[in-house]
Amino acid sequence: MIAPMRIAKGILALGVAAYLILAPLQMKDFGILVMTQWTVMSMAALGLNLTLGYAGQISLAQASFVGIGAYTVALLQPLGVPFFAAFGLAGVLCFIIGWLLGYPALRVQHHYLAFVTLAFTTVVFLVLRNEEWLTGGVYGIANIARPSVLGWSAGKALGFYYFTLGILAVVTAGVWWILRSPWGRAFKALRENPVRALSLGVDTRRYTLLAFALGSAIGGLAGALYAPMVQFIEPASFGLNLSLKLLLMVIVGGSGIFFGPFVGALFAVMMPEWLRFTEAYYLMAYAVLVMILIAFCPTGTLGLVDRIMTFLRSRAASERRKSQASLMSSEEAAQ
Amino acid sequence: MTAVLQVRNLRKQFGGIVAVDQVSFDVMEGEILGIIGPNGSGKSTLFNCILGQMQPTAGDVVIDGRRVNGLRPCDLSGLGVSRTFQLLQVFPDLTVRESLILAGQEHRGSMISRLFGDREAGLGAAAERMIQFFRLSHLAGEKAGGLSYGQQKLLDTAMAFMAGPRLVLLDEPAGGVNLTMLAKLKERLKALNEETRATFVVIEHNMDFVMSLCTRVLVLANGRVLAEGNPASIRANPQVIEAYLGS
């Protein structure tokens with residue numbers, strides 16, 4: 001039973017990879033930009049999924065980390081700092097700030113924590129808007145160049161898409177590694193039963209801070225790609241609206257499910273574009289679709305798939321048990 | 001024999017209510033001490049003070065000669081102290097096997113080695129042994145949330161033993177467990193005590209379970225120690241009969 005499932009998963013993974021690599025070749029620049037947005041938002045949601053979905057710490061601050069990452073790259077670029085150095089620095093800076101933001105999570109949880117992180121988002125927005133000497137204030141920063149890698153320029157839409165897709169693949173592999181390690185198990189324990197986890201030696205304080213720091217760092221890396229993607233950044237792009245959108249991606253995709261953010265980002269980035277045929281109603285149609293999805297499938301899209309697979313597995317197992325039982329009874333009757 | 005746990009004049013006060021009042025006792029290495037008492041006599045508060053879940057108002061808790069007041073439960077776990085809870089505390093979304101590995105992983109290596117080392121933190125074989133010891137082999141791949149109450153109780157107890165603790169505090173291990181499962185649990189606990197020479201402190205309301213498992217019994221009433229002795233002497237103690245067992 002396991003082997004066919006693995007084969008099906010392998011075929012699906014290959015199909016998705018082939019689509020991601022080949023589909024943009026047939027697209028115009030706008031389509032490629034939407035695909036690039038999907039890669040960047042998937043990455044930011046991947047970080048939030050680690051903090052919220054795996055470690056159970058709600059955060060409305062993810063947009064701020066995307067913003068900090070974006071501004072780090074935009075500010076360092078004119079100083080001649082190479083892209084990858086700025087990219088790494090964005091991650092490290094967001095890791096440190098995320099670690100510090102984790103401290104309130106040691107004292108408050110759930111909606112109280114949501115408000116703490118919401119306040120942080122507001123503070124970051126105000127700093128980006130008011131500190132004009134550094135951030136350009138409401139006028140933002142324009143003409144952010146796209147990077148080149150070993151002489152190959154990612155300046156054009158298609159090149160930059162493949163560049164972000166490559167980085168997304170590396171970050172995804174890193175997060176996969178973390179979540180499959182004992183750290184991932186400790187994060188889940190923190191989400192499911194922190195009191196029991198603490199009694200078993202899990203330093204819940206350290207893992208809470210780590211979950212915040214890692215999720216924020218990944219948000220910062222996504223921001224470092226966001227800046228060269230849009231080539232113009234301003235504070236309003238990194239407010240509560242984006243934080244809520246990222247939260248929506250995690251929940252719609254399936255909180256605590258590894259590929260959930262990718263599916264969630266598909267809904268949040270692609271769906272409004274697919275619904276454009278409804279013209280002026282496209283955002284309304286999108287909102288109604290999201291409401292229906294959350295109402296009927298609170299565990300998210302992949303949560304629904306998981307439930308269907310569990311149902312099919314348990315039905316197959318009960319059928320196997322029934323047939324074994326009838327075989328045994330017929331053997332007993334024969335004796 | 002040396003004392004693994006020493007409780008000295010422990011007191012815990014909530015406003016005007018004294019839940020634990022000047023409680024002192026020692027637990028020797030390899031001993032199984034039972035703590036009994038009517039509801040509200042301070043048993044669970046005493047456990048929570050010993051285990052760092054609550055800070056005592058006064059008094060000392062000494063483990064292996066070291067005063068441990070103020071240490072967090074995870075630090076105590078590092079000193080070889082483990083526990084189970086009165087209300088079931090499992091990880092519903094982790095499988096039986098994952099739960100057991102989690103229960104031991106933080107005692108292996110450093111944070112960095114846990115990230116880059118073996119995914120099972122070198123505990124795969126130990127988890128397998130524990131699964132077999134508690135006869136949970138057929139459930140190893142099942143999520144804890146899908147197990148029956150009795151099976152979860154066994155898993156909860158198995159988790160407490162994964163890190164090879166020196167001292168285990170079990171809070172009402174028999175609560176809500178059916179008779180067949182109860183006999184199995186008692187037999188497993190006795191076997192573990194003999195095999196590992198770990199020291200147990202057991203809070204329990206089931207008198208038959210306590211009297212047949214424990215080597216010594218401490219009776220609490222109104223937050224104070226009412227009596228202490230072997231199971232036979234406790235059964236015969238008129239004060240205990242009056243306060244707890246009934247006539």
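In the predicted model described here, Val7(B) stands opposite Val61(B) in S4(B). The two strands concerned, S1 (residues 3-14) and S4 (residues 58-63) of chain B, run antiparallel and are joined by 5 bridges; two strands are taken to pair if DSSP finds at least two bridges between them. Strands (E, at least two residues) and helices (H or I, at least four) are DSSP runs numbered from the N terminus. Residues are numbered from 1 along each chain as its sequence is written, and chains are lettered from A and ligands numbered from 1 in the order in which they are written. Because the model is predicted, local features need pLDDT of at least 70 and side-chain atom pairs count only at pLDDT 80 or more, while totals for chains, interfaces and linings use all residues.

The open sheet in question has 4 strands of chain B in the order S2-S1-S4-S5, with antiparallel pairing. Strand S2 (17-28) and strand S5 (66-67) of chain B each have a single partner strand, so one side of each is left without a neighbour in the sheet.

Another open sheet of chain B contains 6 strands in the order S6-S7-S8-S3-S9-S10, and its pairing is mixed. Its edges are formed by strand S6 (81-84) and strand S10 (224-229) of chain B, each of which pairs on one side only. On average, neighbouring strands are turned by 15° against each other, direction ignored; axes are lines fitted to C-alpha atoms, for helices over the stretch in contact, and angles run from 0 to 180 degrees between N-to-C directions. Strand S3 (residues 32-36) and strand S9 (residues 216-221) of chain B run parallel and are joined by 4 bridges. Helix H1 (residues 43-50) of chain B packs on this sheet, touching S3, strand S7 (167-171), strand S8 (199-203) and S9 of chain B, and its direction makes about 150° with that of S7(B). Contact here requires that the C-beta atoms of two residues, placed from the backbone, lie within 7 Å.

In chain A, the axes of helix H3 (residues 62-76) and helix H4 (residues 83-105) come within 9 Å and cross at roughly 140°. The residues making this contact include Phe65(A) and Ile68(A) of H3(A), and Phe87(A) and Leu93(A) of H4(A). By class, the contact comprises 11 nonpolar, 3 polar and no charged residues; Ala, Val, Leu, Ile, Met, Phe, Trp, Tyr, Cys and Pro count as nonpolar, Asp, Glu, Lys and Arg as charged, and the others, Gly among them, as polar.

Between the chains, 19 residues of chain A are in contact with 23 residues of chain B. The largest share of the chain A side, 7 residues, comes from H8(A). This side has 9 nonpolar, 4 polar and 6 charged residues. In H8(A), 11 of the 11 residues are buried, so the helix is largely enclosed by the rest of the structure. A residue is buried if 20 or more other C-beta atoms lie within 10 Å of its own, exposed if 12 or fewer, and partly exposed in between, with C-beta atoms placed from the backbone. The cover of these buried residues includes helix H3 (96-105) and helix H4 (111-116) of chain B.

The largest nonpolar core has 158 residues, and Ile218(A) and Val202(B) have the most contacts inside it. Such a core is a set of buried Ala, Val, Leu, Ile, Met, Phe, Trp, Tyr and Cys residues joined through C-beta atoms within 7 Å. Helix H10 (residues 204-230) of chain A gives the most to this core, with 16 residues.
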